[in-house]
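Colleague: I have the file open. Can you walk me through what you got out of it?

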Amino acid sequence: MPEAKTAQNFQIIPLPAETSEPHLLNHEALSVSQITLSNFRSYKNTRLHVQAAPVVLTGPNGSGKTNLLEAISLMVPGRGLRRSPLADLQNRAASEPWAISIELRTEAGPLRIGTGKDNAINDSEGERRLVYIDGKPVRSQTMLADHIAMAWITPDMDRLLAEGASLRRKFLDRLAYSFDPAHGMRVLTYEKAMRERLRLLREGTLDAAWLAALENEMAQSATAIAATRKHLVRRLRTGISEGGDAFPKAKIEVRGTAEDMLETIPALPVEDALRCAFAASRDQDAQHGNCSTGAHRSDLRVVHAAKDCPAELCSTGEQKALMIALMLAYVRLLSDQRHMIPLFLLDDIAAHLDTFRREALFDEVLSIGAQAWFTGTSAKMFSSIAHQAQFCDTCSALIQL
Ligand SMILES: Nc1ncnc2c1ncn2[C@@H]1O[C@H](COP(=O)(O)OP(=O)(O)OP(=O)(O)O)[C@@H](O)[C@H]1O
Ligand SMILES: [Mg+2]
């Protein structure tokens, strides 16, 4: 097996003396104070201390910048910003299990969160990781959502506006979890019932009562899912309208069978209509091996408002700018709704923006007051925030444990 990269080390360049930290952040802002990584991706045993101000992580390609953001992103429920299988997180040269420990400053005081490989289960057995809050194991990682709010923008997200509905729908659902943790459970319930119904239809098990029960479950969860998505989109529209002019305004809407019906009729008749639609499409679904209607077909439609142009027809740069505007709106919304300014991870963002947009983005992020984590191959791109951010070079002096 090839030797994995050795642990990366960080040198914190302190904030300039004239910058006093308390002015930088709103008291509600969450911030990381320390991260310890063990056998995680390219890191063996490494620690990083940071102040509450925004962080700029610099270093050459492959030096571990995204790995570090990924570690932070695992402090909220889910699979982190790369959405990698848990097995990929294990340092390839280490036999000890991977673990991450993060200390946070929160309004309620310091908080320590740990997560890592569950040695009791094989990698092939699933995607469960252990989670500790203040040293105590918790039953479900969903409990992390009670303590932490987080948003991220990654280079991968550029594809979202150009590609098919499924990526955008999943993206919207992920955003919705932060506001309504039950949304995730409803999506799982819906998908499970849908898979089970398809299995019965494929096998030709025409047990009408069983099918009707599954379709009932699908209709109820699809209606609730659609209502949450619509509610979030309405609130995001407000967030978008509050943004500055540097980024294009997006017109957004969520379209789908249940979402469209909810425009004109209340939830109960929508459930009835879905139940009827599922029952009526049994033959067709059995033939095609898929479910022709439902919550898994909805799409988040995004239009560049000034150009009145669907996002998928916009240039790559315009799509990126629309996505940034959308995420800034989401972060503003999270701050309002959760009364907690989220951590904001912006991976490799500066490289793809012109100077005007880059500086506008820095201004917006600083005005929100979030502890933002920027990554980039050069500190030069961040020179305009040299006095407000702390710079960590992945190739400099070490905190090796
Ligand atoms: N499980 C693993 N074990 C060991 N090394 C890994 C593992 N997963 C990824 N790596 C390595 O981590 C290194 C750093 O990756 P990372 O994506 O963090 O770099 P980066 O600094 O963000 O680079 P870029 O500027 O290109 O985005 C890569 O060389 C990769 O091969
Ligand atoms: Mg990277």
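Modeller: Start with helix 1 (residues 65–73), which lies across strand 2, strand 3 and strand 5 and runs at about 110 degrees to strand 2. Contact is counted when C-beta atoms, placed from the backbone, lie within 7 Å. Axes are lines fitted to C-alpha atoms, for helices over the stretch in contact, with angles from 0 to 180 degrees between N-to-C directions. Helices (H or I, at least four residues) and strands (E, at least two) are DSSP runs numbered from the N terminus.

Colleague: Anything to know about the model and numbering?

Modeller: The model is predicted: local features need pLDDT of at least 70, side-chain atom pairs count only at pLDDT 80 or more, and totals for chains, interfaces and linings use all residues. Residues are numbered from 1 along each chain as its sequence is written, with chains lettered from A and ligands numbered from 1 in the order in which they are written.

Colleague: Which strands make the sheet, and in what order?

Modeller: Six strands form an open, antiparallel sheet in the order 3-2-5-6-7-8. Strand 3 and strand 8 (136–137) are the edges, each pairing on one side only. Pairing takes at least two DSSP bridges between two strands.

Colleague: Is strand 2 buried or exposed?

Modeller: Eight of the ten residues of strand 2 (residues 31–40) are buried, so this strand is largely enclosed by the rest of the structure. Buried means 20 or more other C-beta atoms within 10 Å of the residue's own, with C-beta atoms placed from the backbone.

Colleague: How many bridges join strand 2 to strand 5?

Modeller: Seven, with strand 5 (residues 99–106) running antiparallel to strand 2; Val 32 stands opposite Leu 104 there. On strand 3 (residues 43–49), also antiparallel to strand 2, there are six bridges. Ile 35 faces Leu 48, and Thr 36 has Arg 47 as its bridge partner.

Colleague: What sits between strand 2 and strand 3?

Modeller: Two residues, making a hairpin; Arg 41 in the turn has a positive phi of about 50 degrees.

Colleague: Switching topic: at what angle do helix 2 and helix 3 pack?

Modeller: About 135 degrees, with the axes of helix 2 (residues 165–179) and helix 3 (residues 181–203) 5 Å apart. That makes helix 2 oblique to helix 3, oblique being what is left after under 35 degrees (roughly parallel), over 145 (roughly antiparallel) and 65 to 115 (roughly perpendicular).

Colleague: Which residues of helix 2 meet helix 3?

Modeller: Asp 173, Ala 176 and Tyr 177, against Pro 181, His 183, Gly 184 and Val 187 in helix 3.

Technical notes
Contact = placed C-beta atoms within 7 Å. Buried ≥ 20, exposed ≤ 12 C-beta atoms within 10 Å, placed from the backbone.
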